[in-house]
Amino acid sequence: MYSFFMPLAELHLALLSLRPAHGYDLKREYDASFPNARPLPFSQVYSTLGRLVRDGLAEVIETRSEGGPERIVYAITDAGREQLRNWFAEPAPPTATGAEDLVRKVILALRTGDCVSSVVAGQRVAHLRAMQTLSTAPPDGDDLGAWLARRYAALHLEADLRWLDGAATALDAAASTTS
């Protein structure tokens, strides 16, 4: 499972631009679009929808009960569409900051002297397992968006594995010079 940061307001606006929806629909659409990402928590869906309505980027268009819990249906406003267009026009910043959990964990294990080799080996095993769960075969009737999300995750895992292999090599070299 991978995680990536995506501004919640724009995520909701993009999903609402497809059609008016209630919070459950938005969560279901997100989870289907990003199958290997952490599922979107309901609490984030509803708090973000509240902020979008407050800021005039979305509006409540109806309330449905359909024999179950009351569902509020939201739609994107013109201001929301403009915000979404501006967000799409702005390139996403590269994430190669070195602040990812994997990098933090290895560097802190190195600095604290806490079995860094076993941390690297354990991370490598976890990454290999994660890669095995990703089906990266080209889409054949599959949702192209879901395939692109899986491919992104697989390529990032490959890059992490190369980094872990380099870290293991560097640790071995450092250990042999201190012995």
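# A guided tour of the predicted model

Select glycine 56 to begin: leaving aside residues up to four places away in sequence, this glycine touches Thr77 and Ala79. The structure on display is a predicted model. Glycine 56 sits in the loop that links helix 3 to strand 1. With a relative accessibility of 33%, glycine 56 counts as partly exposed.

**The whole chain**

Seven helices and two strands can be found in it, and their order along the sequence is α-α-α-β-β-α-α-α-α. The chain has 179 residues, of which 31% are buried. If contacts between residues at least 6 apart in sequence are considered, 55% of them join residues at least 24 apart.

**Strand 1**

Move on to strand 1, residues 58-64, and select threonine 63 within it. Is this residue buried, partly exposed or exposed? Threonine 63 counts as partly exposed, because its relative accessibility is 44%. Its contacts, not counting residues up to four places away in sequence, are Glu70, Arg71 and Ile72. Then select histidine 22 as well: the C-alpha atoms of histidine 22 and threonine 63 are separated by 9.0 Å, while the two residues are 41 apart along the chain.

**Helix 1 and helix 3**

Select residues 8-18, which form helix 1, together with residues 42-54, which form helix 3; their axes come within 10 Å and cross at roughly 85°. Helix 1 is therefore roughly perpendicular to helix 3. To view the contact, show the side chains of Leu8, Ala9, His12, Leu13 and Leu16 on helix 1, and of Gln44, Val45, Thr48, Leu49 and Leu52 on helix 3. Sorted by class, this contact of helix 1 with helix 3 contains seven nonpolar residues, three polar residues and no charged ones.

**The nonpolar cores**

Which residues have the most contacts inside the largest nonpolar core? They are Leu16, Leu26, Tyr30 and Leu49, in a core of 20 residues. Helix 1, helix 2 (23-33), helix 3 and strand 2 (71-76) each give two or more residues to this core. Helix 1 provides the largest share, with five residues. In soluble globular proteins, nonpolar side chains tend to be buried together.

Centre the view on leucine 26. Neighbours within four places in sequence aside, leucine 26 is in contact with His12, Leu15, Leu16, Ala21, Val45 and Leu49. Another core lies apart from this one; it has ten residues, including Leu102, Leu161, Leu164 and Leu171.

**Helix 6 and helix 7**

For the last stop, select helix 6 (residues 116-133) and helix 7 (residues 144-178). Their axes come within 10 Å and cross at roughly 155°, so the two helices are roughly antiparallel to each other. The crossing of helix 6 and helix 7 is left-handed. On helix 6, show Val116, Ser117, Val120, Gln123, Arg124, His127, Leu128, Ala130 and Met131; these meet Ala154, Leu157, Glu158, Asp160, Leu161, Leu164, Asp165, Ala167, Ala168 and Leu171 of helix 7. By class, twelve nonpolar, three polar and four charged residues make up the contact of helix 6 with helix 7.

Note on methods:
Residues numbered from 1 in each chain as written. Predicted model: local features only at pLDDT ≥ 70, side-chain atom pairs only at ≥ 80, totals over all residues. Heavy atoms only, no water. Axes fitted to C-alpha atoms, helices over the stretch in contact; angles between N-to-C directions. Helix = DSSP H or I, 4+ residues; strand = E, 2+ residues; numbered from the N terminus. Parallel < 35°, antiparallel > 145°, perpendicular 65-115°, else oblique. Contact = heavy atoms within 4.5 Å. Nonpolar A, V, L, I, M, F, W, Y, C, P; charged D, E, K, R; others polar. Left-handed = near helix turned anticlockwise from the far one by under 90°. Core = buried A, V, L, I, M, F, W, Y, C linked by side-chain atoms within 4.5 Å. Buried < 20%, exposed > 50% of the residue type's maximum accessible area, 1.4 Å probe, protein only.
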